[in-house]
Amino acid sequence: MFNFTDKYINRLIEDIGESLAESGCVRKEQGGFMNGKTLHIPNEADVDHIVQNIRAELLEDGELSEDIVVLTALLNKSQDLQRYFSSYEKQALKKRLAEIKENPQNELIHKATEYIDTLFLMFIVAIS
């Protein structure tokens, strides 16, 4: 049984942020109310590189990597695709994700996207 509380969610976010900071993908800054929260600001060059990889793999005829497909599924589920893609591209990405998910050869991707759906549902229930 999963136990999602603010404590565990915040710890998960901190751990992911630390990992990204160690790899140089983000920089840490203090912010929030009275500068009491650590913010992780993404490196714009890395963000641009990832967005270009998503375009190449999912909107063009590039080779599919599981990392990019799962990242795109996360961006889609978190409603963040519109930050980086036009409305037309967003619809094309959603359609392509559905095609990939339904392909029996992509079992790992199917399982990962189901896990993402379940995880987001649990977050919603935990916050309610």
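Trainee: Buried means under 20% relative accessible area, exposed means over 50%, and partly exposed is in between. Where does that put Lys 28?

Mentor: Lys 28 has a relative accessible area of 44%, so it is partly exposed. Keep in mind that this is a predicted model.

Trainee: What does Lys 28 pair with?

Mentor: Glu 18. The two form a salt bridge, with the closest N and O atoms 2.9 Å apart. Glu 18 sits in helix H1 and Lys 28 in strand S1 (residues 26-31), so the bridge ties together parts 10 residues apart in sequence. Glu 18 is partly exposed too, at 32%.

Trainee: How many salt bridges does the structure hold?

Mentor: It holds 5. Another one joins Glu 29 and Arg 27, at 2.9 Å from N to O. Glu 29 is partly exposed at 34%. Arg 27 is partly exposed at 46%.

Trainee: And which residue does Glu 89 bridge to?

Mentor: Arg 55, with the closest N and O atoms 2.8 Å apart. That pair links distant parts of the chain: Glu 89 is in helix H5, Arg 55 is in helix H2, and they are 34 residues apart.

Trainee: Are those two buried or exposed?

Mentor: Glu 89 is buried, with a relative accessible area of 18%. Arg 55 is at 19%, so it counts as buried as well.

Trainee: Let's step back. What is the chain built from?

Mentor: It has 6 helices and 2 strands. From the N terminus, the order is α-β-β-α-α-α-α-α. The chain has 128 residues, and 21% of them count as buried.

Trainee: Which residues make up the largest nonpolar core?

Mentor: There are 12 in all, including Val 51, Ile 54, Leu 58, Val 69, Phe 85, Ile 100 and Ile 109. Helices H2 (44-59), H3 (66-77) and H5 (87-102) each give two or more residues to it.

Trainee: Why would such residues gather inside?

Mentor: In soluble globular proteins, nonpolar side chains tend to be buried together.

Trainee: Pick one to look at. What does Leu 58 touch?

Mentor: Leave aside neighbours within four places in sequence. Then Leu 58 is in contact with Leu 64, Val 69, Thr 72, Leu 93, Arg 96 and Ile 100. Leu 58 lies in H2 and is buried, at 4%. Leu 58 and Ile 100 are 42 residues apart along the chain, yet their C-alpha atoms are separated by 9.5 Å.

Trainee: What else is buried in H2?

Mentor: Val 51, Ile 54, Arg 55 and Glu 57 are buried there, along with Leu 58. Their cover includes H3, H4 and H5.

Trainee: How does the span of H2 compare with what its 16 residues should give?

Mentor: They should span 22 Å, at 1.5 Å a residue. The end C-alpha atoms are 21 Å apart, which agrees.

Trainee: Which way do residues three or four places apart in a helix point?

Mentor: An α-helix has 3.6 residues a turn, so they point the same way.

Key: Residues are numbered from 1 along each chain as its sequence is written. This is a predicted model: local features need pLDDT of at least 70, side-chain atom pairs count only at pLDDT 80 or more; totals for chains, interfaces and linings use all residues. Side-chain values use heavy atoms; hydrogens and water are left out. A nonpolar core is a set of buried Ala, Val, Leu, Ile, Met, Phe, Trp, Tyr and Cys residues joined through side-chain atoms within 4.5 Å. Buried means under 20% relative accessible area, exposed over 50%, partly exposed in between (1.4 Å probe, protein chains only). Helices (H or I, at least four residues) and strands (E, at least two) are DSSP runs, numbered from the N terminus. The expected span of a helix is 1.5 Å times one less than its number of residues. Contact means heavy atoms within 4.5 Å. A salt bridge is a side-chain nitrogen of Lys or Arg within 4 Å of a carboxyl oxygen of Asp or Glu.
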